[in-house]
Amino acid sequence: MKLVRFGEFGSEKPGIVDAQGQIRDLSGIVPDITGATLSSGSLSKIRSVDPGTLPLAPTGQRLGACVGQVRNFIAIGLNYADHAAETGAPIPAEPIVFNKAPSCIVGPNDDVIIPRKSQKTDWEVELAIVIGERASYVAANEALDFVAGYCVCNDVSEREFQLERGGTWTKGKGCPTFGPLGPWLVTKDEIPDVQNLPMWLDVNGERMQTGSTKTMIFNVAQIVSYVSHFMILEPGDVITTGTPPGVGMGMKPPRYLKAGDVVSLGIEGLGEQRQRFIAFEDSPPDTSKGRHGH
């Protein structure tokens with residue numbers, strides 16, 4: 001299944017994509033696409049419904065993040081061998097784990113705000129894992145049983161905040177609007193091999209990233225298992241799993257995003273995103289709501 005959330009920021013409704021690519025309204029079946037509706041039992045309930053019997057969502061609706069009420073937004077750094085090489089970093093012996101602020105999550109086509117005083121806002125196409133069952137100390141060979149599905153994430157990053165301001169990476173990863181998720185939450189049964197998904201990202205129509213999940217250093221099962229040894233993973237938690245080469249920081253000279261730039265990205269089977277980057281000064285007063293794209 002391809003699950004979506006549609007409508008204005010903060011009041012999204014749940015939906016499902018039918019065989020014709022149209023969005024059907026699921027709000028008569030489940031209240032939202034959140035951790036509470038991602039257990040295997042709840043997904044079975046959704047799966048038992050014929051999408052053709054559900055009302056169509058109004059056309060032209062904004063797409064929200066494909067999972068709502070995310071409590072824990074975890075990220076894995078330097079997890080592609082070819083990306084580690086481009087940044088000159090050694091291959092990590094264990095996954096590098098950091099957090100993105102859940103408050104940074106926005107829809108796949110919402111505007112992204114370049115933070116105040118930012119000079120080094122960068123892009124990263126990533127595969128994100130959405131957890132479906134409570135996971136603690138799970139073995140790698142069982143880890144996929146705890147996964148509900150996958151989605152596209154742009155792990156937007158401010159490199160000066162991340163690397164030059166001391167302490168952890170988190171400061172450069174959780175700025176408002178830095179976590180576009182979606183368009184769809186694709187349940188794992190639709191993805192035959194999550195470790196062989198082509199992925200790409202363009203800036204203003206110019207291809208910057210071309211990669212595949214097959215060059216991950218730590219695979220999805222290893223990541224879920226590893227993280228579950230340091231924290232309890234709850235349904236609806238999101239783990240974004242690293243990026244292939246082609247980020248702005250790795251270019252010579254480095255290249256960063258400026259107001260007016262348009263970033264498009266996608267992963268095979270998981271859909272595409274498109275964001276316009278805007279200056280902080282041009283963003284709406286309540287930056288937590290972002291401003292949705294066009």
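Is Arg-47 buried, partly exposed or exposed? Arg-47 has 40% relative accessibility, so Arg-47 counts as partly exposed.

1. Basis of the note. The model is predicted: local features need pLDDT of at least 70, side-chain atom pairs count only at pLDDT 80 or more, and totals for chains, interfaces and linings use all residues. Residues are numbered from 1 along each chain as its sequence is written, and side-chain values use heavy atoms, with hydrogens and water left out.

2. Salt bridges in total. A salt bridge is a side-chain nitrogen of Lys or Arg within 4 Å of a carboxyl oxygen of Asp or Glu. By this rule the model has 19 salt bridges.

3. Arg-47 and Asp-189. Arg-47 takes part in a salt bridge with Asp-189, and the closest N and O atoms are 3.2 Å apart. This pair links distant parts of the chain, 142 residues apart: Arg-47 is in helix 1, while Asp-189 is in the loop between strand 13 and strand 14. Helices (H or I, at least four residues) and strands (E, at least two) are DSSP runs, numbered from the N terminus.

4. Asp-155 and Lys-100. A salt bridge also joins the side chains of Asp-155 and Lys-100, at 2.6 Å from N to O. The pair links distant parts of the chain, 55 residues apart, with Lys-100 in strand 5 (residues 96–100) and Asp-155 in the loop between strand 10 and strand 11 (157–158). Asp-155 counts as buried because its relative accessibility is 0%. Lys-100 is buried as well, with a relative accessible area of 1%.

5. In the salt bridge between Arg-207 and Asp-202, the closest N and O atoms are 2.4 Å apart. Arg-207 is partly exposed at 45% relative accessibility, whereas Asp-202 is buried with a relative accessible area of 12%.

6. Positive patch. Arg-116, Lys-117, Arg-165 and Lys-171 form a patch of positive charge on the surface. Patches are made of residues with over 30% relative accessible area and no salt bridge, and like charges are joined within 9 Å (for nonpolar side chains, Val, Leu, Ile, Met, Phe, Trp and Tyr, within 5 Å). Lys and Arg count as positive and Asp and Glu as negative, with His and the chain ends not counted. Arg-116 sits in the loop between strand 7 (110–114) and strand 8 (121–122). Its relative accessibility is 53%, so Arg-116 counts as exposed.

7. Nonpolar cores. A nonpolar core is a set of buried Ala, Val, Leu, Ile, Met, Phe, Trp, Tyr and Cys residues joined through side-chain atoms within 4.5 Å. The largest such core has 69 residues, of which Leu-181 and Ile-239 touch the most other members. Another core, of 5 residues, lies apart from it and includes Phe-6, Val-17, Ala-57 and Leu-63. Val-17 belongs to strand 2 (residues 13–17) and is buried, with a relative accessible area of 16%. From Val-17 to Pro-284 the separation is 267 residues in sequence and 31 Å in space, C-alpha to C-alpha.

8. Cis peptide bonds. Gly-182 and Pro-183 are joined by a cis peptide bond with omega of about 15°. Pro-183 is in the loop between strand 12 (179–180) and strand 13. A cis peptide bond also joins Lys-252 and Pro-253, where omega is about -5°. Pro-253 is placed in the loop between strand 16 (238–240) and strand 17 (262–267).

9. Positive phi values. Gln-69, a residue other than glycine, has a positive phi near 55°. Gln-69 lies in the loop between helix 1 (40–47) and strand 4 (73–77), and is exposed at 66% relative accessibility. For Tyr-137, also not a glycine, phi is positive and near 55°. Tyr-137 is located in the loop between strand 9 (125–131) and strand 10 (147–154), and counts as exposed at 59% relative accessibility.

10. A buried loop residue. Val-194 lies in the loop between strand 13 (185–187) and strand 14 (198–203). Val-194 counts as buried because its relative accessibility is 9%.

Definitions and conventions: Areas by Shrake-Rupley, 256 points an atom, 1.4 Å probe, with all protein chains shown as cover. Charge placed at Lys NZ, Arg CZ, Asp CG, Glu CD. Buried < 20%, exposed > 50% of the residue type's maximum accessible area, 1.4 Å probe, protein only.
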